[in-house]
Structures are given as structure tokens and as C-alpha cells.
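Here are my notes on the model, as numbered points. Please read them with the structure open.

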Amino acid sequence: MFDSIIIGCGFAGAVLGRELADKGKKVLILEQRNHIGGNAYDLLDEHGIRIHQYGPHIFHTNLTNVYEYLSRFTDWYEYSHEVVGNIYGELLPIPFNLNTLFCVYDKEKATRIKDKLIAAYGENVKVPILELRQNNDTEIQEVAEYVYENIFLKYTMKQWGQKPEEIDPSVSGRVPVVLSYDNRYFQDTYQGLPLEGYTKLFETMLDHENISVRLNTPAKDFIEIKEDHVYFEGNVFEGEVIFTGALDEFFDCKFGRLPYRSLIFKTEYYENAPYQSHGVVNYTVTEDYTRITEYPYLTGQKADGTTIMKEYPIPYCGENGEIPYYAIINAENLALYHKYVSLVKQIPNFHLLGRLAEYKYYNIDAIVKRALDMSMDM
Ligand SMILES: Cc1cc2nc3c(=O)[nH]c(=O)nc-3n(C[C@H](O)[C@H](O)[C@H](O)COP(=O)(O)OP(=O)(O)OC[C@H]3O[C@@H](n4cnc5c(N)ncnc54)[C@H](O)[C@@H]3O)c2cc1C
């Protein structure tokens, strides 16, 4: 009945499914959640405000083909994302740029430092704080220290659950200072959100006579791997099988769990809008949460009230209801991941795609590109 089976209906699975369907293949998508869209799923909350259930997703890319591809399924609300950091109650542009410099220091000192920075590194460049620290000028070093202490350190400790001594200096050294007045978080050519939401984008993409989607369906209900073959409903399946879920969980974590960070999202509704000055405010030195998102800024929705979302990072333990969000990538964890890969490597029609199955972080544009590329060989 089906030529291809796809496990998971996020961007990876849906884009690949659509591409195969357009080539005339009958595609079955199995999704364990009760909705399509993966982590990009959005919905109207009980107050009619559009929110992203799994955290704010802002589309941004320099890839014209990816933008044009998604534009087949949606129009866009053009939103330029700006983030401010709440640093002991004061709101400063993030990442640290020349505007931030003038917020932190008085005009005379900021102008002096700006001139020194531009003379040393040029305009419109991103300079890692490691480089600033190596500069002999004490005022430039002071900027690097400010960024490390007030923007990077405590935020990273919250996000990754690390102690200061566990933070890899090669990572902290890469935190940039941006020598421009551009407050946008992303500089990509295309930025925005689907005008009618991500879920609608997915509905349009999946609306194809060759695509069937089964929700509330974990892969293991129908798919089994035995002796280097994929079985579907008890019979060997010769078509392509694309797996976008967590590989360790598919194999009952037989070698141990792949480590992830997870998040708890708490929403609050306010009758008086707006709640805050920007779409996202990062709490870089205080609070247990890392950031607050106010959705109407992102979506452009005009409503009487507003909904905000606080994000609390937590370890992922695999408990019911917990979701693995960020792979914790290091040599040990990648070695464990490759033990799982070895269980499917010999199966030519079983493919791994997506942030879970490949145990890596993808932005939306990168996973759409990867799905489009993979579909060309099928
Ligand atoms: C908090 C957060 C914010 C983000 N913000 C942005 C952003 O602003 N911009 C951006 O470009 N990217 C952002 N991303 C990244 C974006 O979420 C990913 O690029 C995208 O989700 C990857 O799609 P995917 O299909 O690989 O994974 P997912 O969206 O996770 O989809 C995988 C799907 O597979 C299903 N599944 C898993 N296992 C099984 C199984 N065994 N059986 C059946 N179904 C299964 C899952 O239920 C899920 O629906 C963010 C990520 C996070 C965590």
C-alpha cells in the first residue's frame, strides 16, 4: 500500500514526505504525538492568543531555495527579532553591540572604547571575547569581562546546568561582541513567522493525495528491526523508511540513554498588553528561567490581552511527558550515539534524519535543506 514510511511529523518528516509524495510515492507518516508540526507546533491558547507549545520558533535563513520552498505553503509575517537582556533590572540589547556599549558606559567612555574597538577590529564584525581579552588595552578587556559575567556565565549555567568550572573555555571564548548598531538577533536575508502559524503551514504541506498521517502512533506499534530488515506490521518492508525520532528510545535505550537538556514552559495571560518591551527578554543574571517570550510580538497578532511564556531548563531523564530538546554533544555522548547507529547501518532502506535521529542541533532552515537534499536520492 505504501512506498515509503516516515516516522515523525516535524519539519524533517513533513518536508521529506511532501517531496516523496510529489514524486508520486505513497507515503505513510507515523507520529506519536496527537498533532503534526513537531516542536514547531503552534495553537491558539484559551484566550485566543497564538503560542508555540514547545518554545518560540523564529524562521530565519540565507537559503533562498529553502525560503521559496516553504513559501509554497505559507505567506509570512515579516518579523525582525530583537532580544534584550534583563541585567539586574536594566534592559540591554543582546548580543552585546555598540548600542549596548553606550548603555553600559557613559558617553565619553563608550565613545573612547568604540573608537579603539573599531580601530583594532573594523566595523560590522563579530569579535569573540577571547580575542578582546588578549588585547593589551585594559578598557577592551573590561568589555570582555562585562560580557562574560553579565551575559554569558549565569545564563549558560542555567541553560546547561553547569558549574562555572565545567564551562569549556573554548565555548565561552567564542561569545561575540558585535561592532555595529544593528540590534537584530539574526542578520539573515529572510526572517519571519508563517502568517497563519506553523501548524497551518504543515497542514498545507501535508494536504496531498499521496500522504497519510497517523497521529498518536509511536513507531514501535508498527515498525520492527530484525536481522538487518525493517518490518512493517509484521512483514518485511522494502520501501524507504525515514526515522526522525530518538534512536536510543527506539532501541529501548539498550546501551544507555543519550543525554539531553529539556525545558519546562510556563505560560501566563495578562489582560493588559504589552507585558514587556520586546518579543524576547533574556534573564542573564537573575531568575530560574532563561527567557520570557511575549507571543503577539512574534506573530503580529492584534489582541486585547497577551500571553507570555517562561522557559525553565531542566535535565532530561526520560520521564513520561519530558521532551528531549538539546543534545548534549561531546565525544562520550557521540560515541554512545554511534553505537545506536551501528544497529541500523547495514539496512540500506532505513535512513536517519532530523535533530533527534541525528543527535544534533538543526535550525529550521538547515533541517528543511537536509530533508530536500535527502529526497533527491529517493
Ligand atoms: C526551544 C527551541 C526553540 C527553537 N527555536 C528555533 C528558532 O527560533 N528557529 C529555528 O530555525 N529553529 C529553532 N529550533 C529548532 C527547531 O525546533 C528544529 O529545527 C526542528 O524542530 C527540527 O525538526 P525535526 O523534524 O528534526 O524534529 P521535531 O520537530 O522534534 O520533530 C520530530 C517528531 O518526531 C516525533 N517522534 C519522535 N519519535 C517518534 C517515534 N518513535 N514514533 C513516532 N513519532 C516520533 C516527535 O513526536 C516529533 O513530532 C528550536 C528548538 C528548540 C528546542
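1. The C-alpha atoms fill a box of roughly 75 × 50 × 35 Å along the principal axes.

2. This is a predicted model: local features need pLDDT of at least 70, side-chain atom pairs count only at pLDDT 80 or more, and totals for chains, interfaces and linings use all residues. Residues are numbered from 1 along each chain as its sequence is written.

3. The protein has 12 helices and 22 strands (DSSP runs, numbered from the N terminus: helices are H or I, at least four residues; strands are E, at least two).

4. Of the 378 residues, 35% count as buried (20 or more other C-beta atoms within 10 Å of the residue's own, with C-beta atoms placed from the backbone).

5. In helix α8 (residues 198-206), the buried residues are Y198, T199, L201, F202, M205 and L206. They sit on the same side of α8, because they cover an arc of only 155° around the axis (the arc of directions from the helix axis to the C-beta atoms). Their cover includes α1 (11-22), β3 (42-44), α2 (64-71), β11 (190-194) and β12 (211-214).

Definitions and conventions: A residue is buried if 20 or more other C-beta atoms lie within 10 Å of its own, exposed if 12 or fewer, and partly exposed in between; C-beta atoms are placed from the backbone. Two residues are in contact if their C-beta atoms, placed from the backbone, lie within 7 Å.
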